[in-house]
Structure formats: structure tokens, C-alpha cells
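Hello,

Here is the structure for you to take over. My notes on it follow below.

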Amino acid sequence: MAQIAVQPIYLKDVVLSVAGSDFEKHVSSVTFTPSVSSATWKGLEPTAVFTNVGASTWMVDLAYAQDWDTTGSLSAYLFANEGAEVTLTFEPVAGGSSWSADVIIVPGAVGGAVDSYAEATVSLPVQGRPTFTPAV
């Protein structure tokens, strides 16, 4: 078997665009997460076991700093645009490969713990599946 080289991604110079606005300064984590359901049917004989999977559904999970005073902040955008379908684009390394998806905007949490930055997480449902664009 051939040995395949690997070049792990180190997230430090990321591009994150939501509906054409750049939000990488607002976000500390971006994760595209698939979910796949499976079903198993078993017959009355031990080898009569059949398993299959459904189509994947995707979410884009964001962790971000809450900012309710800056015009155009991600917190305010999510709150004001609940239900809107927009394009989200994520480049793990600026200028490299990218992932994009049409997501449905949902609002995030408000508030947090004493003596800490108010941050929140939100899971944005993806319409269909993400699109991968390799670096050129």
C-alpha cells in the first residue's frame, strides 16, 4: 500500500463570510457537521441482518463573541435575520480550499457568566449539503 502524505490544517488565518459580510473576527470556531441516520432490519435467522443509511443532513456550528453594540455584528445579524436563507463560506486557510453552504439563519444566545466574555454558539441548518472548492 502506498504511504499517503498529510498536511493538517491549522486554523489561524481563516475567512468566514455570511451573506457577503466577513465575520472571522467575531468567530472562534466553525464546524460543518453531518448527521446520518441508519436503520437495521433483522430477520429470525442470525445472518439475516440488513443495514442501510439515509441521506446526510448538515449543520454549520459557530462559536462567537456576543456584541450587541456594534452595528453589523454577528450577534445582531443572527437576531435580525432569523429564518433568512443565505450563503456561508468558510476558508480554513485564507486563499486555500473553501466550503460553502446555503444556511438558514437562527438567533444565538444572549448573556453569559460573570467575569468572562459573553460568547455563544449557534447551529445553522444547511439546505442540501455543503460544496467543496479546492484551492487553485
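Seven strands form an open sheet in the order 2-1-7-8-9-6-3, with antiparallel pairing. Strands here are DSSP E runs of at least two residues and helices are H or I runs of at least four, numbered from the N terminus; two strands pair if DSSP finds at least two bridges between them. The edges are strand 2 (21-22) and strand 3 (27-35), each of which pairs on one side only.

This is a predicted model, in which local features need pLDDT of at least 70 and side-chain atom pairs count only at pLDDT 80 or more, while totals for chains, interfaces and linings use all residues. Residues are numbered from 1 along each chain as its sequence is written, and side-chain values use heavy atoms, leaving out hydrogens and water.

Strand 8 (residues 98-104) and strand 9 (residues 119-133) run antiparallel and are joined by five bridges. W99 has F132 in strand 9 as its bridge partner.

Two residues other than glycine have positive phi: A19, near 55°, and D115, about 55°. A19 lies in the loop between strand 1 and strand 2, and D115 in the loop between strand 8 and strand 9. A19 is partly exposed at 40% relative accessible area, whereas D115 is exposed at 78%. The cut-offs are under 20% for buried and over 50% for exposed, with partly exposed in between (1.4 Å probe, protein chains only).

Regards
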